[in-house]
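Visitor: Could we go through this model together? I would like to begin with the terms and then look at individual residues.

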Amino acid sequence: MNKIPVGKAVAYAYRFTLAEIGTIIGLAWLPLVLMAVVQFLPFVFGNPMAPAENATAQGREQLENLLRSVLLLLLYSIVYVPVTRQALGSRKGTAVIHFALGIPELRVFGALCLFFLVLMIIVTGIGLGALLLGGLAMANKSAGFSLLVALLVLFAVLAFCYVTVRLSFLILPVTVAEEQISLSRGWILARGNFWRILAVLLAVLLPLYLINFIGIVMIVGPQLVAPLPTNTALAEQAIAARFGMIGQHMPGYLGLTLILAPFSIGLGVGASVFGYRTLAAKPMEAGAPVAG
């Protein structure tokens with residue numbers, strides 16, 4: 001069983017991103033701009049963060065959010081295919097603009113849809129199980145039983161995180177390099193590497209998330225991270241108000257996202273491709289294909 005060398009994986013992800021950032025921007029900027037437009041359009045016609053007036057409006061809002069999410073996922077697929085090929089070495093050269101929607105992009109889109117569908121099923125199962133166990137705990141009124149329920153819910157959440165990491169890490173290189181939609185293939189390859197994969201993901205993505213968070217606070221203002229009231233009702237109002245503040249600064253937020261997105265995509269894809277090359281190689285070849 002091959003093991004991912006964490007240090008080399010992180011170094012490769014940063015080296016690939018910094019060396020190819022011009023190409024990544026060329027491959028990604030048009031779909032990313034279209035994503036920003038899709039995300040901004042609801043704010044042109046109103047405030048999508050305001051509560052829906054009735055059940056009909058709420059249902060329409062949820063349907064619109066679903067359609068937007070599907071469209072964003074398709075646009076991300078258009079970016080992921082060429083960037084993954086660049087990291088794999090099957091694509092060479094630079095790029096000024098790129099937009100392609102063919103079988104490879106639809107294949108990646110299908111793999112991502114399948115991945116999120118699996119996650120939704122798991123989340124729904126955990127939610128229903130938590131409600132059932134919570135009801136039993138309230139009826140039982142036993143401290144020991146309540147503790148057991150809490151531990152079971154915690155275990156389910158941790159299991160969900162484990163499954164998410166195992167399924168997601170290799171989904172792009174498996175789909176692009178092997179031209180197949182197979183969550184099980186990535187799951188099998190990642191066996192015995194969960195903690196290594198988690199360490200790699202934290203090392204390459206956490207710094208960008210921190211930069212993104214700091215940028216949002218600078219755009220919106222320090223009130224975004226002010227302490228919440230202890231009163232539950234007031235806390236809910238404060239959270240809603242902060243979402244409203246983000247909505248008021250949506251152009252700045254989307255601008256920040258556009259700047260950071262190529263780096264996030266490059267780091268994530270670079271780490272994933274390095275992991276795939278290591279784990280998919282035969283043991284005697286494990287060190288050879290990942291040096292680049």
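Guide: Buried means under 20% relative accessible area, exposed means over 50%, and partly exposed lies in between, with a 1.4 Å probe and protein chains only. By that rule Thr23 is buried, because its relative accessible area is 5%. This is a predicted model, in which local features need pLDDT of at least 70, side-chain atom pairs count only at pLDDT 80 or more, and totals for chains, interfaces and linings use all residues. Residues are numbered from 1 along each chain as its sequence is written, and side-chain values use heavy atoms, with hydrogens and water left out.

Visitor: Where does Thr23 lie, and what does Thr23 touch?

Guide: Thr23 lies in helix α2, residues 21–44. Helices here are DSSP runs of H or I with at least four residues, strands are E runs of at least two, and both are numbered from the N terminus. Leaving aside residues up to four places away in sequence, Thr23 touches Gln86, Arg91, Gly93, Thr94 and Ala95. A contact means heavy atoms within 4.5 Å.

Visitor: How many helices and strands does the protein have?

Guide: There are 10 helices and 0 strands. Along the sequence the pattern reads α-α-α-α-α-α-α-α-α-α.

Visitor: And what about overall dimensions and burial?

Guide: Taken along the principal axes, the C-alpha atoms fill a box of roughly 60 × 50 × 35 Å. Of the 292 residues, 38% count as buried. Among contacts between residues at least 6 apart in sequence, 78% join residues at least 24 apart.

Visitor: What does the accessible surface come to?

Guide: The accessible surface comes to about 16,100 Å², and 71% of it belongs to carbon and sulfur atoms. Such areas come from the Shrake-Rupley method with a 1.4 Å probe; for residues, only the protein chains shown count as cover.

Visitor: Let us turn to Leu170. Is Leu170 buried or exposed?

Guide: Leu170 counts as buried because its relative accessibility is 0%. Leu170 is found in the loop between α5 (143–168) and α6 (171–178).

Visitor: Which residues does Leu170 touch?

Guide: Not counting residues up to four places away in sequence, Leu170 touches Gly186, Leu189, Ala190, Ser272, Gly275, Tyr276 and Leu279. As for Arg107, Leu170 is 63 residues away in sequence and 14 Å away in space, C-alpha to C-alpha.

Visitor: Which side chains meet in a salt bridge?

Guide: The structure holds 1 salt bridge, in which the side chains of Arg185 and Glu178 meet at 3.0 Å, N to O. The term requires a side-chain nitrogen of Lys or Arg within 4 Å of a carboxyl oxygen of Asp or Glu. Arg185 counts as partly exposed, at 29% relative accessibility; Glu178 is also partly exposed, with a relative accessible area of 23%.

Visitor: Where is Glu179 placed, and what is its phi?

Guide: Glu179 is in the loop between α6 and α7 (183–189). Its phi is positive, about 50 degrees, although Glu179 is not a glycine. Most residues other than glycine have a negative phi. Glu179 is exposed, because its relative accessible area is 56%.

Visitor: How many disulfides does the structure hold?

Guide: The structure holds 0 disulfides, the criterion being a pair of cysteine sulfur atoms within 2.5 Å. Cys113 counts as partly exposed at 30% relative accessibility, and Cys161 is partly exposed with a relative accessible area of 39%.
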